[in-house]
Amino acid sequence: MSGCWRIILRAPAELSDEVVLSRDWWGKMLPLFFASRLEALEPIEADVFSVGKRVAGAYHNGRVFLVGDAAHITNTRGGMNMNCGIHDAWALGARLAAVWRNEAPLEAAYACAEARRRVALEQLIPRTDRSVVGGGAWLEQVRALAADQAASRAYLIETSMLDMAERP
Ligand SMILES: Cc1cc2nc3c(=O)[nH]c(=O)nc-3n(C[C@H](O)[C@H](O)[C@H](O)COP(=O)(O)OP(=O)(O)OC[C@H]3O[C@@H](n4cnc5c(N)ncnc54)[C@H](O)[C@@H]3O)c2cc1C
């Protein structure tokens, strides 16, 4: 990353957050990956996160709406959850503004929230699962796509999540 390295270590589930955040634990792990001297290494920030996959049962209740991580969680390795959350906010924000200006009924915001939930279930989660599996078969598939211009374009649109965002 700009000005620093981000290192992600997989910690055994039975270890507490306190243990994995201690220099005792990560200090022993780092030499497994880096050959250089690490004694002087001072972390800027350390955090623990878990990997999950969940979608809220409903994205709205009365006048309360969910977007972002409150609405859906996916594996961080997919690299899509924040982007999808921004799409949620973009889409719902426009509807809520219209409701506030009396240009649309509240039901328009409900319909939008339900559409965003379908995006999470039908696109975000399966696509994340597919990219997390990765491996040789996926590389072969991408190589084959490169030979087909229309398929390459469709793949890039999908990878950029353009098909998951509402058109302005
Ligand atoms: C290691 C890692 C790598 C990731 N990489 C990617 C990536 O490459 N691409 C991608 O798209 N996504 C990625 N993500 C996911 C992304 O970080 C999240 O999807 C995104 O930050 C969620 O944003 P959010 O605003 O919905 O929720 P959050 O960032 O969780 O924000 C919620 C905020 O609400 C605050 N809050 C909670 N409760 C209350 C309360 N009661 N009152 C007031 N405030 C409260 C919290 O403190 C927090 O600041 C990654 C996540 C991790 C952990």
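Predicted model: local features only at pLDDT ≥ 70, side-chain atom pairs only at ≥ 80, totals over all residues.
User: Which residues are around the ligand?

Analyst: Phe49, Gly68, Asp69 and Thr76 are among them, together with Gly79, Met80, Asn81, Met82 and Asn83.

User: How is the chain divided into domains?

Analyst: Domain 1 covers 1-50 and domain 2 covers 54-164. Taken over C-alpha atoms, the centres of domain 1 and domain 2 are separated by 31 Å.

User: What describes a pair of aromatic rings?

Analyst: The general idea is that the distance of the centres and the angle of the planes describe such a pair. Here the count comes to one aromatic pair. Phenylalanine 65 and tyrosine 110 have ring centres 6.0 Å apart and planes at 35°, so the pair is tilted.

User: Where do phenylalanine 65 and tyrosine 110 lie?

Analyst: Phenylalanine 65 is in strand E3 (residues 64-65), and tyrosine 110 is in helix H4 (residues 106-133), so the pair ties together parts that are 45 residues apart in sequence.

User: Is phenylalanine 65 buried or exposed, and how does tyrosine 110 count?

Analyst: The cut-off for buried is under 20% relative accessible area. Phenylalanine 65 has a relative accessible area of 17% and is buried. Tyrosine 110 also counts as buried, at 19% relative accessibility.

User: Where do nonpolar side chains tend to be in soluble globular proteins?

Analyst: In such proteins, nonpolar side chains tend to be buried together. In this structure the largest nonpolar core has 17 residues. Those with the most contacts inside this core are Tyr59, Phe65, Cys84, Leu92, Leu124, Met161 and Met164.

User: Which elements give two or more residues to this core?

Analyst: They are helix H3 (81-100) and H4. H4 supplies the largest share, seven residues. A second, separate core has six residues, including Val20, Trp25, Leu30 and Leu38.

User: Which residues is methionine 164 in contact with, leaving aside its neighbours within four places in sequence?

Analyst: With those neighbours left aside, methionine 164 is in contact with Cys84, His87, Arg116, Val119, Gln123, Leu124 and Arg127.

Definitions and conventions: Residues numbered from 1 in each chain as written. Heavy atoms only, no water. Phe/Tyr/Trp six-rings, centres within 6.5 Å; stacked < 30°, edge-to-face > 60°. Helix = DSSP H or I, 4+ residues; strand = E, 2+ residues; numbered from the N terminus. Buried < 20%, exposed > 50% of the residue type's maximum accessible area, 1.4 Å probe, protein only. Core = buried A, V, L, I, M, F, W, Y, C linked by side-chain atoms within 4.5 Å. Contact = heavy atoms within 4.5 Å. Domains from an automatic or database assignment. Near = heavy atom within 4 Å.
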